Amino acid sequence: QVQVVESGGGLVQPGGSLRLSCAASGLILSINAMGWYRQAPGRERELVAQISSGGTTNYADFVRGRYTISRDNAKNTVHLQMNNLKTGDAAVYYCNVDLVTHWGRRNDYWGQGTQVTVSS
């Protein structure tokens, strides 16, 4: 039994900032990595950023230094600080967790998504 819940989405103007959060809970033995993906209407879901439990990060090129991913392993939580948002950043942002349950199974779990709208 695993739950992945995102929060922090909303409406911002171009150039604004937003901080997304994602928390994983349940019968989790360990977490290998957590990441953020986004999907705009008519587009494929794409990787935004990911971070391993050891702190190794990987960012998509379109982030261009505007986003920062961080995590709190003790709380099974990951954050995405988004600065200088552009209209092209508007999408549903999904949290992905690569974890091992207490039953020893390794799987990917997805949150329900949080809407980010960038509009003037």
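The numbered points below describe selected features of this structure.

1. Basis of the note. The model is predicted: local features need pLDDT of at least 70, side-chain atom pairs count only at pLDDT 80 or more, and totals for chains, interfaces and linings use all residues. Residues are numbered from 1 along each chain as its sequence is written, and side-chain values use heavy atoms, with hydrogens and water left out.

2. Strand β9. Of the 11 residues of strand β9 (residues 91-101), 10 are buried, so this strand is largely enclosed by the rest of the structure. Buried means under 20% relative accessible area, exposed over 50%, and partly exposed in between, with a 1.4 Å probe and protein chains only. Strands (E, at least two residues) are DSSP runs, as are helices (H or I, at least four), numbered from the N terminus.

3. Partners of β9. Two strands pair if DSSP finds at least two bridges between them. Strand β4 (residues 28-39) pairs with β9 in the antiparallel sense over 10 bridges, and tryptophan 36 stands opposite cysteine 95 in β9. Strand β10 (residues 106-110) runs antiparallel to β9 and is joined to it by 5 bridges; aspartate 98 has aspartate 108 in β10 as its bridge partner. The hairpin of β9 and β10 has 4 residues between the strands, and its glycine 104 takes a positive phi near 85 degrees.

4. The disulfide. A search of the whole structure finds 1 disulfide, defined as a pair of cysteine sulfur atoms within 2.5 Å. Cysteine 22 is joined to cysteine 95, S to S 2.0 Å. Cysteine 22 lies in strand β3 and cysteine 95 in strand β9, so the pair ties together parts that are 73 residues apart in sequence. The link of cysteine 22 and cysteine 95 is left-handed, with -80 degrees about the S-S bond. Both cysteine 22 and cysteine 95 are buried.

5. Arginine 38. This residue belongs to strand β4 and is buried, with a relative accessible area of 8%. The side chain of arginine 38 makes polar contacts with the side chains of aspartate 89 (3.0 Å) and tyrosine 93 (3.1 Å). A polar contact is a pair of N or O atoms within 3.5 Å; within protein, one must be able to donate a hydrogen and the other to accept it, and residues adjacent in sequence count only if both atoms are side-chain atoms.

6. Two asparagines. Most residues other than glycine have a negative phi. Asparagine 76, in the loop between β7 and β8 (77-82), has a positive phi of about 50 degrees and is partly exposed at 23% relative accessible area. Asparagine 84, in the loop between β8 and β9, likewise has a positive phi of about 50 degrees; its relative accessibility is 39%, which counts as partly exposed.
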